[in-house]
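Reader: I have a chain open here and would like a quick walk through it. Can we start with how far to trust it?

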Amino acid sequence: GRERCRMTLGGRLVAHCKLSTADASEVRAAKEKLYAAIVGTQRGVKQTNREEILELTQQFVQFGAGQTTTGPELTSAWKLLWTTEKETCFLLEKGIWKVGPAGESYQVIDT
């Protein structure tokens, strides 16, 4: 069988790849490390371990190397887990118009 891998960084797709089952455990381990690194960062508002997170995301670029990383299988509403985008971090932390910080954030990709 084949497993799919989709990863975004800063609201942008970093990698989308189809992996053999032999690679699936490596991808799962990489995802777990990345998720563990972003816990407590308030979706990027706190950039305390930014370099570690950026290094971890590069693994997904390598997983998708040489493959088409765009296509209809990417059409979805992607939940924001972490970003480096300053304006988005501002909205997540401060909000606008006295409403307060932003809640769950999604990006719709329609290929």
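**Confidence and layout**

Author: This is a predicted model. Within the chain, confidence is lowest in strand S2 (residues 12–20), with a mean of 53, and highest in H2, at 87. The average pLDDT of the chain is 77, and 78% of the residues score at least 70.

Reader: How many helices and strands are in the chain, and in what order do the elements run?

Author: There are 3 helices and 4 strands. Starting at the N terminus, the order is β-β-α-α-β-α-β.

Reader: What share of the residues counts as buried?

Author: Of the 111 residues, 34% count as buried.

Reader: Which residues make up the largest nonpolar core?

Author: That core has 10 residues: Val 27, Ala 30, Leu 34, Ala 37, Ile 38, Ile 53, Leu 56, Phe 60, Phe 63 and Trp 82. Two elements give two or more residues to the core, helix H1 (21–38) and helix H2 (50–63). H1 gives the most, with 5 residues. As background, nonpolar side chains tend to be buried together in soluble globular proteins.

Reader: Other topic. Which residues make the nonpolar surface patch?

Author: Phe 90, Leu 91, Ile 96, Trp 97 and Val 99 make a patch of about 580 Å². Leu 91 sits in helix H3 (residues 86–93).

Reader: Why is Leu 91 called partly exposed?

Author: Its relative accessible area is 34%, and partly exposed covers what falls between under 20% for buried and over 50% for exposed.

Reader: Staying with H3, what caps the N-terminal end?

Author: Glu 85 does, with a side-chain oxygen 3.3 Å from the backbone nitrogen of Glu 87. After the helix comes Gly 95, which has a positive phi, near 75°.

Reader: And how many salt bridges does a search of the whole structure find?

Author: The search finds 1. The side chains of Lys 79 and Glu 104 form a salt bridge, at 3.2 Å from N to O. Lys 79 is in strand S3 (residues 76–79) and Glu 104 is in the loop between H3 and strand S4 (106–109), so the pair ties together parts 25 residues apart in sequence.

Reader: Are those two side chains buried or exposed?

Author: Lys 79 counts as partly exposed, at 41% relative accessibility. Glu 104 is exposed, because its relative accessible area is 52% and the cut-off for exposed is over 50%.

Methods. Residues are numbered from 1 along each chain as its sequence is written. This is a predicted model: local features need pLDDT of at least 70, side-chain atom pairs count only at pLDDT 80 or more; totals for chains, interfaces and linings use all residues. Side-chain values use heavy atoms; hydrogens and water are left out. A nonpolar core is a set of buried Ala, Val, Leu, Ile, Met, Phe, Trp, Tyr and Cys residues joined through side-chain atoms within 4.5 Å. Buried means under 20% relative accessible area, exposed over 50%, partly exposed in between (1.4 Å probe, protein chains only). Patches are made of residues with over 30% relative accessible area and no salt bridge: like charges are joined within 9 Å, nonpolar side chains (Val, Leu, Ile, Met, Phe, Trp, Tyr) within 5 Å. Accessible areas come from the Shrake-Rupley method with a 1.4 Å probe; for residues, only the protein chains shown count as cover. A salt bridge is a side-chain nitrogen of Lys or Arg within 4 Å of a carboxyl oxygen of Asp or Glu. pLDDT is the predictor's confidence in each residue, from 0 to 100. A polar contact is a pair of N or O atoms within 3.5 Å; within protein, one must be able to donate a hydrogen and the other to accept it, and residues adjacent in sequence count only if both atoms are side-chain atoms.
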